[in-house]
Amino acid sequence: MRLEPRTQVPLALAIAAPASAIVLALLLAAIPLLWAEVSVLEAYGLIFKGALGSRFAVTETLARATPLIFTGLAAAVAFRAKLWNIGAEGQLYLGALTAAAVGTGAVTLPGFAMIPLVLIVGALAGALLMLIPTILKLRLGVDEVVTTLLLNFVVLLFVSMMIEGPMKDPMGMGWPQSEPIVEAATLPKLVARTRVHAGLILAILAGIAVWIMMQRTTWGFEARAVGASPAAARFAGMPVPRVMIRVGLISGALAGLAGVGEVAGLKGYLTLDLSPGFGYSGIVVAMLAQLNALAVIVAALFVAIVFVGADFMSRAIGVSNYLANLVVATSLLTMLLASLATRYRLRWR
Amino acid sequence: MEIVEILFTVSFWAAATRIATPLIFGTLGELICERAGVLNLGIEGIMTAGAMAGWMAVYQGADLWTGVVFAFAIGMIFGFIHGLFTVPLGLSQHVTGLGLTLLATSLAYFTYRMILPDVPSPPRIEAFQPFAIPILSEIPFIGPALFKQTALTYLAFVSVAVVGLVLYKTPLGLALRAVGENPAAAEAQGIDVYVMRIGAVMIGSGFMAIGGAFLTMSAFNAFFFEMIAGRGWICIALVVFASWRPGKALLGALLFGAFDAFQVRLQQALGGDIPYQIFLMLPYAFSILALIVMSRRAAYPKALMVPYRKGER
């Protein structure tokens with residue numbers, strides 16, 4: 001009996017692997033539910049109902065999935081090239097901050113120009129933030145994992161400084177928050193009186209665009225080659241540093257867009273609780289999707305269902321909604337185990 | 001210059017040592033893992049879990065040292081998961097570590113909420129108290145700064161010495177460094193690479209958990225959400241800064257502690273003129289800067305992040 005690497009992954013296996021990982025994660029998460037002395041089936045039923053049980057619930061789940069698609073794509077693009085961008089949280093906040101700075105009256109343009117403007121500046125902010133650790137990695141060999149992680153804290157403090165200082169809303173009753181985004185810069189709602197906004201469409205389009213880029217273009221081919229083996233890519237004549245910088249910029253921009261969507265589509269103003277860790281959950285989304293951009297959309301929906309549903313379940317039967325984080329973290333680890341099945345096959349001989 | 005004078009006060013260096021203690025444990029723990037060839041990004045979560053576990057054990061009636069041992073054991077369990085995933089299974093050390101941080105953090109928070117569903121403010125425990133070490137604390141200046149601390153700080157100093165000795169003066173330490181530098185050669189010497197690596201990750205994770213426990217059992221005496229606040233990531237930077245040497249890790253952590261303590265005092269002196277967030281950013285910025293300076297000549301363990309498969313070249 002031995003393991004041998006697979007050259008191709010059958011489609012059935014590519015679907016079965018994450019599905020079984022999620023089932024295993026849900027089984028493991030039943031342990032804390034049993035400890036809380038609640039019916040496991042009832043709890044999962046409530047999670048399902050809370051996330052998909054009504055029209056409103058579905059819109060909440062879609063609203064929650066929107067930033068997760070963006071941060072999931074940010075992680076998927078970077079990880080494919082083995083650029084470990086763990087800084088999506090910081091890039092998200094910097095994108096949101098820039099969108100808020102431009103969108104709260106600093107610039108006045110009609111809607112058709114204003115919305116693209118906030119999207120572009122937000123994406124640019126995220127991209128430029130990711131440029132720092134990418135260049136440090138390439139030029140000075142500084143590990144990007146630590147720099148991107150530490151920059152998250154720096155950015156959060158910077159956002160805090162701005163919304164308590166120059167960007168503070170004078171009408172905010174003393175709360176540290178920015179002024180509201182002007183009407184022209186606000187992303188339109190997809191369904192009236194709900195929180196699901198046009199950012200969802202953009203996120204899905206981004207997913208398709210990233211998929212095409214990664215699978216069908218030279219850029220994507222180079223990114224995958226650098227991820228598989230930088231030495232081989234260099235030997236094949238690819239400009240490895242340039243590829244890395246490109247990947248870093250795209251990844252940062254996607255995370256920045258997550259922030260724009262939250263501030264200009266969902267919340268309407270910037271606060272420090274804009275993201276409950278979307279940047280970190282994006283890593284789980286990307287891994288569940290096995291770094292495939294189209295699968296990211298599905299994986300983001302799953303994670304959104306868990307989070308939205310767990311909030312509902314928590315209100316209904318009083319089990320802490322940290323259960324959602326537990327399910328998501330466990331499914332990342334079980335997905336890693338399942339990835340063994342897609343990468344290797346068992347040979348009997 | 002009042003601000004410079006701060007640097008020559010005993011109370012400043014005593015504070016620096018307090019701030020450094022969790023970082024000494026965390027850096028030492030990460031160093032042990034990386035010396036065996038395994039990057040452990042679970043550190044932030046393991047510190048959170050250790051902080052919660054040690055504190056909760058004492059809150060439930062255990063004595064302080066039992067709490068420390070409990071935290072260490074919890075750390076070892078998480079270390080075992082990380083070792084299992086990354087060593088025999090050869091899964092991505094980055095992703096496993098981050099997953100472990102998410103898991104350990106959410107388990108700690110969930111458990112805290114399970115046991116204490118609705119406490120208005122975080123309850124406190126009778127924590128470790130500072131005591132002076134006879135003779136050593138009478139050394140002028142250094143004595144009262146370093147040797148009028150709590151037991152966990154002394155444990156941190158002792159751990160550095162013990163880990164240093166084991167790493168450089170014993171066959172065990174040689175074996176551990178060998179699996180991190182050249183696992184194939186280590187195996188040829190009859191060393192079980194998997195056992196060594198998993199063992200190192202477990203011990204290292206235990207140290208990380210005590211680092212977290214210091215915060216709840218010796219510094220703040222209560223558990224708060226988000227209390228680790230990136231200390232784990234700073235430890236990873238400190239390991240590079242220390243070139244994977246325990247003695248330098250101690251110095252690095254003390255230097256960082258001094259920098260952080262100075263930042264707090266600067267904030268008190270200059271507060272009002274400059275937003276406080278600027279001062280809070282400094283420790284993170286300092287860590288990045290330290291990484292930039294040291295990365296050029298970083299002598300990474302050769303097999304760091306390289307999975308080893310038995311019988312393969």
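This is a predicted model: local features need pLDDT of at least 70, side-chain atom pairs count only at pLDDT 80 or more; totals for chains, interfaces and linings use all residues.
Student: What radius of gyration does chain B have, and how does the globule rule bear on it?
Tutor: Along the principal axes, the C-alpha trace of chain B spans about 60 × 45 × 40 Å. For 313 residues the globule rule gives 20 Å, so chain B is as compact as a globular protein of that length. The radius of gyration of chain B is 20 Å.

Student: What percentage of the contacts in chain B with a separation of 6 or more is accounted for by residues 24 or more positions apart?
Tutor: Buried residues make up 51% of the 313 residues in chain B. Of the contacts with a separation of 6 or more, the share that falls to residues 24 or more positions apart is 79%.

Student: Which element of chain B gives the largest share of the side that touches chain A?
Tutor: In the contact between the chains, 34 residues of chain B meet 36 residues of chain A. Helix 5 (93–115), helix 11 (231–241) and helix 13 (276–295) of chain B are the elements that give two or more residues to the chain B side. By class, that side has 24 nonpolar, eight polar and two charged residues. The largest share, 13 residues, comes from helix 5 of chain B.

Student: How many residues of helix 11 of chain B are buried?
Tutor: The buried residues of helix 11 of chain B include B:Arg231, B:Trp233 and B:Phe241. They pack against helix 2 (10–35), helix 3 (43–59), helix 12 (246–270) and helix 13 of chain B, together with helix 6 of chain A. Helix 11 of chain B is largely enclosed by the rest of the structure, because its buried residues number eleven of the eleven.

Student: How far apart are the end C-alpha atoms of helix 6 of chain A?
Tutor: Of the 21 residues of helix 6 of chain A, 16 are buried, so this helix is largely enclosed by the rest of the structure. At 1.5 Å a residue, helix 6 (residues 144–164) of chain A should span 30 Å. The distance between its end C-alpha atoms agrees with that, at 30 Å.

Student: What is the relative orientation of helix 7 and helix 8 of chain B?
Tutor: Helix 7 (residues 151–169) and helix 8 (residues 171–181) of chain B pack with their axes 5 Å apart, at an angle of about 75°. In their contact, B:Val166, B:Leu167, B:Tyr168 and B:Lys169 of helix 7 meet B:Leu172, B:Gly173, B:Leu176 and B:Arg177 of helix 8. By class, this contact has five nonpolar, one polar and two charged residues. Angles of 65 to 115 degrees count as roughly perpendicular, and the two helices of chain B are therefore roughly perpendicular.

Student: Is B:Thr86 buried or exposed?
Tutor: B:Thr86 is found in helix 4 (residues 64–86) of chain B. Leaving aside residues up to four places away in sequence, B:Thr86 touches B:Val38, B:Leu91, B:Gln93, B:Thr96 and B:Pro307. B:Val38 is 48 residues from B:Thr86 in sequence, and their C-alpha atoms are 7.6 Å apart. Because 29 other C-beta atoms lie within 10 Å, B:Thr86 is buried.

Student: Is A:Leu291 buried or exposed?
Tutor: A:Leu291 lies in the loop between helix 11 (278–288) and helix 12 (293–317) of chain A. Although A:Leu291 is not a glycine, its phi is positive, about 65°. With 20 other C-beta atoms within 10 Å, A:Leu291 is buried.

Student: Is B:Phe141 buried or exposed?
Tutor: The loop between strand 1 (131–132) and helix 6 (142–146) of chain B holds B:Phe141. Phi of B:Phe141 is near 60°, a positive value in a residue other than glycine. With 11 other C-beta atoms within 10 Å, B:Phe141 is exposed.

Terms used:
Residues are numbered from 1 along each chain as its sequence is written. Chains are lettered from A and ligands numbered from 1 in the order in which they are written. Two residues are in contact if their C-beta atoms, placed from the backbone, lie within 7 Å. Helices (H or I, at least four residues) and strands (E, at least two) are DSSP runs, numbered from the N terminus. Ala, Val, Leu, Ile, Met, Phe, Trp, Tyr, Cys and Pro count as nonpolar, Asp, Glu, Lys and Arg as charged, and the others, Gly among them, as polar. Axes are lines fitted to C-alpha atoms, for helices over the stretch in contact, and angles run from 0 to 180 degrees between N-to-C directions. Angles under 35 degrees count as roughly parallel, over 145 as roughly antiparallel, 65 to 115 as roughly perpendicular and the rest as oblique. A residue is buried if 20 or more other C-beta atoms lie within 10 Å of its own, exposed if 12 or fewer, and partly exposed in between; C-beta atoms are placed from the backbone. The expected span of a helix is 1.5 Å times one less than its number of residues. The radius of gyration is taken over C-alpha atoms; the globule rule is 2.2 Å times the number of residues to the power 0.38.
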